Amino acid sequence: MGTSAVNSGEQVDRQTRILEAAMDLLSRHGISGVSMRSVAREAGVALGLVNYYYDDKTTLIRAALRRVDEHDLLLVAPDPSTPPDEQLRKALRRVAGADLLTTRYLSLRLHLWALAQADEDYAQINAAAFDRYIDGLAALVSSARPGLSREACRERASDIVVIQNGMWLTALLGVDKAAIQRSIQRTEQIAFAPVQDEGAGGQEPSPR
């Protein structure tokens, strides 16, 4: 990106507006509704400015995928000032935050998942983001349950993510709050299951 006379803060604000506009269009219309011109119109900026920050539509979608990745990592970010058990509980509850259970956000995720199934480049970005989220969640499980092996922590994290993704998808259909709370409780049961249930090396004990 070349030099610019505008203030760096203004640059960040404009680039954020452009990316948010792309994500809004993607959530409402899917990939077919995203073009450099439509993004410029949605963001209220000149087309040239969109081209300045992003080379093409593909670059924009990649940036959207990475923005969602960054947001997901915040959900499982460690907080050294909080006890490990509470860190994990907070992370498990964050996925049901009011800012996430919106049609806009959930629709965006659905479209991005669909793109990952249709395009190898997007699939690689999505897969790497998924692994980072699993690693982050597994690290929280490990801190709260230090007796677990790394493999066992990742297994628990993977099982939790299945429930979380299912909750997000079905929330688009209007799942009631009680069902969402039961889903969260189920993820807590998985996360905090007694360590001895894992057996040696994170595996179930062999029958005697």
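Is Asp121 buried, partly exposed or exposed, and what is its relative accessibility? I looked this up in the model, which is a predicted one, and found that Asp121 counts as partly exposed, at 26% relative accessibility.

**Entry 1, Asp121 and Arg62.** I then looked for the partner of Asp121 and noted a salt bridge with Arg62, in which the closest N and O atoms are 2.6 Å apart. Asp121 belongs to helix α7 (residues 120-144) and Arg62 to helix α4, so this pair ties together parts that lie 59 residues apart in sequence. Arg62 is also partly exposed, and I wrote down a relative accessible area of 29% for this residue.

I next turned to Arg67, whose side chain meets that of Glu20 in a salt bridge with an N to O distance of 3.4 Å. The two residues sit in distant parts of the chain, 47 residues apart, with Arg67 in helix α4 (residues 57-75) and Glu20 in helix α1 (residues 8-29). Arg67 is partly exposed with a relative accessible area of 25%, and Glu20 is partly exposed with 28%.

I recorded a salt bridge between the side chains of Arg28 and Glu42, at 3.3 Å from N to O. Arg28 lies in helix α1 and Glu42 in helix α2 (residues 36-43), so the pair ties together parts 14 residues apart in sequence. I noted Arg28 as partly exposed at 47% relative accessibility, while Glu42 is partly exposed with a relative accessible area of 36%.

I finally checked the total, which comes to 12 salt bridges. Through shared partners, salt bridges join Glu20, Asp24, Arg67, Glu70 and Arg104 into one network.

Terms used:
Residues are numbered from 1 along each chain as its sequence is written. This is a predicted model: local features need pLDDT of at least 70, side-chain atom pairs count only at pLDDT 80 or more; totals for chains, interfaces and linings use all residues. Side-chain values use heavy atoms; hydrogens and water are left out. A salt bridge is a side-chain nitrogen of Lys or Arg within 4 Å of a carboxyl oxygen of Asp or Glu. Helices (H or I, at least four residues) and strands (E, at least two) are DSSP runs, numbered from the N terminus. Buried means under 20% relative accessible area, exposed over 50%, partly exposed in between (1.4 Å probe, protein chains only).
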